[in-house]
Amino acid sequence: MSAYIIRRIFLAIIVLILATLVVFVIMHLLPGDPVLLYLSKDAYSRFTPEELAAARHEYGLDKPIIIQYFNWLSGVFRGELGKSISKRTEVTVEISEALPISIYIGIVAWIISHAIAIPAGIICAIRRGKWVDTILTIVANIGISAPAFWAGILLIYIFGLYLNWLPIFGYTSPLVDFWLSIKKIIMPVFCLSLTPLSGCIRQTRSAMLEVIRQDYIRTAWSKGLRERVVVLKHALKNGIIPVVTLAGMSIPLILGGEVLIETVFGIPGMGRLAVNALFSRDYAIVQGIVLVVAVLVVACNLIVDISYAWLDPRIRYD
Amino acid sequence: MLRRKKKLTQGYQETPPSVSSFQHFRRVFFSRGVVVFGSIVVMLVILMAVFSPLIAPYDPYAQDLDNTMAKPSLAHWLGTDTVGRDTLSRIIYGSRTSLIVGVVALGLAAGIGLFLGLVAGYFGGITNLIIMRFIDTLMTIPMMLLALTIAAVLGGGLTNVIIALGIALIPTYARLMCGQAMAIKQNDYVTAARSIGAGNLRTMIRHVAPNCFPPLIVMMTMQIGITILAEAGLSFLGIGINPPGAAWGAMVSEGYRYLTTNPILSFAPGLSIMLVVFAFNMIGDGLRDALDPRLRGTL
């Protein structure tokens, strides 16, 4: 097991280093003057060629691209992600304000979606073809088809404007005002969970259906075990494995969904920060956000890989 | 005597009824109502996109400043927007954007992804290691964030959105194809092809690739929905087709500003997105049931 974990950590580090390279390449090799990455468009047109050359020199853009990459990377290791152009603040400051909000909402959405979806999927599988199965399957199919941002707008209309039950905009920290905070995140969390929830119901259902057909489940039944024991102890242990994979994959899904949902609900998290930064061409922030998100995803994948091996001993010896 | 024999073999058929694979496919595929529904919706949307100018009651770009923000009526079934453009006509034209982006971006991603996956899976070893680590790296950045960043850096517009989504969707295909190719490579017919002197390229294209296809077709159908949703998300954020053009995501975003006065402006295009994505997903489900050998015989 420890050899497996060490191998996984090693792979994760390689992928992270490659991720820094991908981030750098997207920002630097795509068409456009690299100075644009550091100067806003208006500033760019105001500068004289000499000043542009000076700016290039100041940001190290006159050096070969490889050197630029290593300069940037060494900054990353020292915790320096550069300066925001539009806000004139350190990128690390901007991100450290937005990150906890996104992580908080994301974790709540992730937990809620799986806490509902796994039992729902199991119920669908063991009551296959019954009305519970039919209804939940239809709900799940609609859930993966509905655009989350549109679901958000529907909710805002119904619960915010029509019924006037929930606040429709902004974010309050649970440490400041717990109840207001809960009220404010209900709708965003629902929208963020929609896709992973539906996907997880479908995956759990089909994985459990696959397992329920196996001989050892028939053996368990014929031993006279109760349904609860057969389903939770015998079937779930194998049925849950593909669900764990999907649960790991839903982390980037939720982080990606936050781009849209935070914009709809005006939540000052990473997603909205990224959108605003892209529109104001503040690429230092974008670069920082993409990097931090990549680190988060790699860390979560590592946890998933390890829990995967813990659940399924066959994987450890691959 | 004859009767007795019949009794002994009751419930036993000597030869199973012969069903061609196409008949089997058709029977399973159309056995569920939702799949039929999905197929009909997709067919209608394709017709709608192709014949937009004939179907749309108004010019989707024509402004009518005397008749702005009209409620649904017989003249304008879904009302009009802030500059008096007919919402229904814009939705009909918007289907073009969704389908074009969905299909072209998917084709781009599948083309590159399948090639990378095939090469990685077929050659294995160091080639596999390099390609798949690259794919893993792309997967660390959420698809939506990656597509948004690439599209924004490239400068928006329909072509750039297609390129951005095309790149962001590569990993899914590469991974599936790699796994498929690795499994198919083990078959005896591949060894046989190699032993009669088929080169790497020929073996890959003629023998390995065609046998990888059933799960890929299912995956691609399911991914059309995801691609359309992602395109809608990008155009909702304001990156995508340029302003006068119609895209469902952008329409939702425009309508969102007038949610209190005219909610149908954002409800109708959103519902269109959901319906189309639902339809593609149902076709994907039907194809999976009909093509995936593991589930054959259980339905």
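What share of the contacts in chain A with a separation of 6 or more is accounted for by residues 24 or more positions apart? The share is 73%, and this figure, like every other one in this report, is read from a predicted model.

**Chain A as a whole**

The secondary structure of chain A consists of 14 helices and zero strands, so that, as DSSP runs numbered from the N terminus, its elements read α-α-α-α-α-α-α-α-α-α-α-α-α-α. The C-alpha trace of chain A extends over about 85 × 55 × 35 Å along its principal axes. Of the 318 residues in chain A, 39% are buried.

**Two helix pairs in chain A**

Two packed helices are described by the angle between their axes and the distance between the axes. Helix H9 of chain A, residues 178–212, takes part in both of the pairs set out below.

| Pair | Angle between axes | Distance between axes |
|---|---|---|
| H6(A) and H9(A) | about 35° | 6 Å |
| H9(A) and H11(A) | about 160° | 8 Å |

For the pair listed with an angle of about 160°, the helices H9(A) and H11(A) count as roughly antiparallel, because an angle over 145 degrees is placed in that class. The crossing of H9(A) and H11(A) is right-handed, and the residues of their contact divide into 19 nonpolar, eight polar and one charged. Helix H6 of chain A covers residues 91–126, and the crossing of H6(A) and H9(A) is right-handed; the contact of H6(A) with H9(A) holds 23 nonpolar, six polar and one charged residues.

**The largest nonpolar core**

The largest nonpolar core has 161 residues, and those that touch the most other members are A:Ala274, A:Val293, B:Ala147, B:Leu148, B:Leu165 and B:Met177. Helix H11 of chain A, residues 227–265, gives this core its largest share, 15 residues. In soluble globular proteins, nonpolar side chains tend to be buried together. If neighbours within four places in sequence are left aside, B:Ala147 is in contact with B:Ala164, B:Leu165, B:Ala168, B:Ala230 and B:Leu234.

**Where chain A touches chain B**

How many residues does the contact take from chain A and from chain B? There are 37 residues from chain A and 35 residues from chain B. On the side of chain A that touches chain B, at least two residues each are supplied by helix H1 (2–29), helix H7 (131–145), helix H8 (148–162), H11, helix H12 (270–279) and helix H13 (283–311). The largest share of that side, eight residues, belongs to H11(A), and by class the side has 32 nonpolar, five polar and no charged residues.

Helix H13 of chain A holds A:Gly288, which is buried because 26 C-beta neighbours lie inside 10 Å. With neighbours within four places in sequence set aside, A:Gly288 is in contact with A:Leu81, A:Val91 and A:Ile95, and although A:Gly288 and A:Ile26 are 262 residues apart along the chain, their C-alpha atoms are separated by 13 Å.

Apart from neighbours within four places in sequence, A:Leu155 has contacts with A:Met187, A:Phe190 and A:Cys191. From A:Val76, A:Leu155 is 79 residues away in sequence and 40 Å away in space, C-alpha to C-alpha.

Is A:Asn164 buried or exposed? A:Asn164, in the loop between H8 and H9 of chain A, is exposed, because 9 other C-beta atoms lie within 10 Å. A:Asn164 is not a glycine, yet its phi is positive, at about 60°.

**Features of chain B**

After H10(B) comes B:Gly197, with a positive phi near 100°. Helix H14 of chain B, residues 264–291, contains B:Leu271, which is partly exposed because 18 C-beta neighbours lie inside 10 Å. B:Leu271 and B:Met204 are 67 residues apart along the chain, with 43 Å between their C-alpha atoms.

Notes. Residues are numbered from 1 along each chain as its sequence is written. Chains are lettered from A and ligands numbered from 1 in the order in which they are written. This is a predicted model: local features need pLDDT of at least 70, side-chain atom pairs count only at pLDDT 80 or more; totals for chains, interfaces and linings use all residues. Axes are lines fitted to C-alpha atoms, for helices over the stretch in contact, and angles run from 0 to 180 degrees between N-to-C directions. Helices (H or I, at least four residues) and strands (E, at least two) are DSSP runs, numbered from the N terminus. A crossing is left-handed if the near helix is turned anticlockwise from the far one by less than a right angle, and right-handed if clockwise. Ala, Val, Leu, Ile, Met, Phe, Trp, Tyr, Cys and Pro count as nonpolar, Asp, Glu, Lys and Arg as charged, and the others, Gly among them, as polar. A residue is buried if 20 or more other C-beta atoms lie within 10 Å of its own, exposed if 12 or fewer, and partly exposed in between; C-beta atoms are placed from the backbone. Two residues are in contact if their C-beta atoms, placed from the backbone, lie within 7 Å. A nonpolar core is a set of buried Ala, Val, Leu, Ile, Met, Phe, Trp, Tyr and Cys residues joined through C-beta atoms within 7 Å. Angles under 35 degrees count as roughly parallel, over 145 as roughly antiparallel, 65 to 115 as roughly perpendicular and the rest as oblique.
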